[in-house]
Amino acid sequence: MEIMIAVGLLAICAVPMGEAIRNSIAASSISGSKARELRCVKNTMETVLATPYQSLWNAASGQGVAVDLALPPDAACDSAPLVTVARVEFDNTTKKLVPLDAGVTGERLESPLLYVSVGARDGYAFTTLVAR
């Protein structure tokens with residue numbers, strides 16, 4: 001009788017253990033793909049930041065609009081990340097970044113910033129401001 005109870009308890013404990021092992025195996029494959037995605041976004045951001053300021057300025061478009069930069073292919077990337085570059089300036093009255101108008105000239109063109117964002121299609125993203 002005692003052996004039957006011990007085998008029953010072992011069977012009851014073995015089911016959750018098996019489920020935990022299955023989940024840990026699945027998590028390791030997911031973490032590998034997430035690490036690859038993070039490496040891809042990081043490498044792309046470094047490549048974008050190594051691009052000359054004038055090239056980024058020329059590529060800049062509206063807020064939140066992806067731009068087309070000629071970036072070298074990266075073996076870490078399954079698909080190319082989204083790159084966004086927008087012209088912004090710091091508004092002293094509201095203490096916020098505001099989009100820079102297309103028709104701005106003169107002194108205001110001396111202080112623009114480029115809002116650069118690189119992100120995976122469904123995950124990590126890096127954002128920074130680039131000054132002249």
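**View 1. The whole chain at a glance.** Of the 132 residues in the protein chain, 26% are buried, where buried means under 20% relative accessible area, exposed means over 50%, and partly exposed lies in between (1.4 Å probe, protein chains only). Please keep in mind that this is a predicted model, in which local features need pLDDT of at least 70 and side-chain atom pairs count only at pLDDT 80 or more, while totals for chains, interfaces and linings use all residues. Residues are numbered from 1 along each chain as its sequence is written, and side-chain values use heavy atoms, with hydrogens and water left out. The secondary structure comes to two helices and four strands, and along the sequence the pattern reads α-α-β-β-β-β. Here helices (H or I, at least four residues) and strands (E, at least two) are DSSP runs, numbered from the N terminus. The accessible surface is about 9,000 Å², with 62% of it belonging to carbon and sulfur atoms; such areas come from the Shrake-Rupley method with a 1.4 Å probe, and for residues only the protein chains shown count as cover. Among contacts with a separation of 6 or more, 61% come from residues 24 or more positions apart, a contact being heavy atoms within 4.5 Å.

**View 2. The four-stranded sheet.** The strands form an open sheet in the order E2-E1-E3-E4, with antiparallel pairing. E2 and E4 stand at the edges with a single partner strand each, so one side of each has no neighbour in the sheet. Neighbouring strands are turned by 40 degrees against each other on average, direction ignored. Two strands count as paired if DSSP finds at least two bridges between them. As a reminder, strands of a sheet pair through backbone hydrogen bonds, either parallel or antiparallel.

**View 3. Strand E1 and its two partners.** Strand E1 (residues 82-91) pairs with E3 in the antiparallel sense over seven bridges. Along this pairing you can find Thr84 opposite Ser117, Val85 with its bridge partner Val116, and Val88 with Leu113. E1 also pairs in the antiparallel sense with strand E2 (residues 96-99), over four bridges; there, the bridge partner of Val88 is Pro99. The hairpin of E1 and E2 has four residues between the strands, and in it Lys95 takes a positive phi near 60 degrees.

**View 4. Strand E3, from cover to contacts.** How many of the seven residues of strand E3 (residues 113-119) are buried? Six are, which leaves the strand mostly covered. E3 runs antiparallel to strand E4 (residues 125-131), joined by seven bridges, and a hairpin connects the two through five residues. Leu114 stands opposite Val130 in E4. Leu113, also in E3, is 16 residues from Leu129 in sequence and 6.3 Å from that residue in space, C-alpha to C-alpha. Leaving aside neighbours within four places in sequence, Leu113 is in contact with Ala86, Arg87, Val88, Leu97, Leu129, Val130 and Ala131.

**View 5. Helix H1 against the sheet.** H1 lies across E1, E3 and E4, running at about 10 degrees to E4. Axes here are lines fitted to C-alpha atoms, for helices over the stretch in contact, and angles run from 0 to 180 degrees between N-to-C directions. Glu37, a residue of helix H1, counts as buried at 16% relative accessibility. Apart from neighbours within four places in sequence, Glu37 is in contact with Ala120, Asp122, Gly123 and Tyr124.

View 6. In one of them, Glu19 joins Arg22, the closest N and O atoms being 2.4 Å apart; both residues lie in helix H1, three residues apart, about one turn of the helix. Lys34 and Glu37 form another, with 4.0 Å between the closest N and O atoms. Lys34 is partly exposed at 31% relative accessibility, whereas Glu37 is buried at 16%. The side chains of Lys42 and Glu46 also meet in a salt bridge (3.5 Å, N to O), and these residues lie four apart in helix H1. Lys42 is partly exposed at 39%, and Glu46 is partly exposed at 48%.

View 7. Met1, Ile5, Leu9 and Ile12 make a nonpolar surface patch of about 500 Å². Patches are made of residues with over 30% relative accessible area and no salt bridge: like charges are joined within 9 Å, nonpolar side chains (Val, Leu, Ile, Met, Phe, Trp, Tyr) within 5 Å. Leu9 belongs to helix H1 (residues 2-49) and is exposed, with a relative accessible area of 52%.
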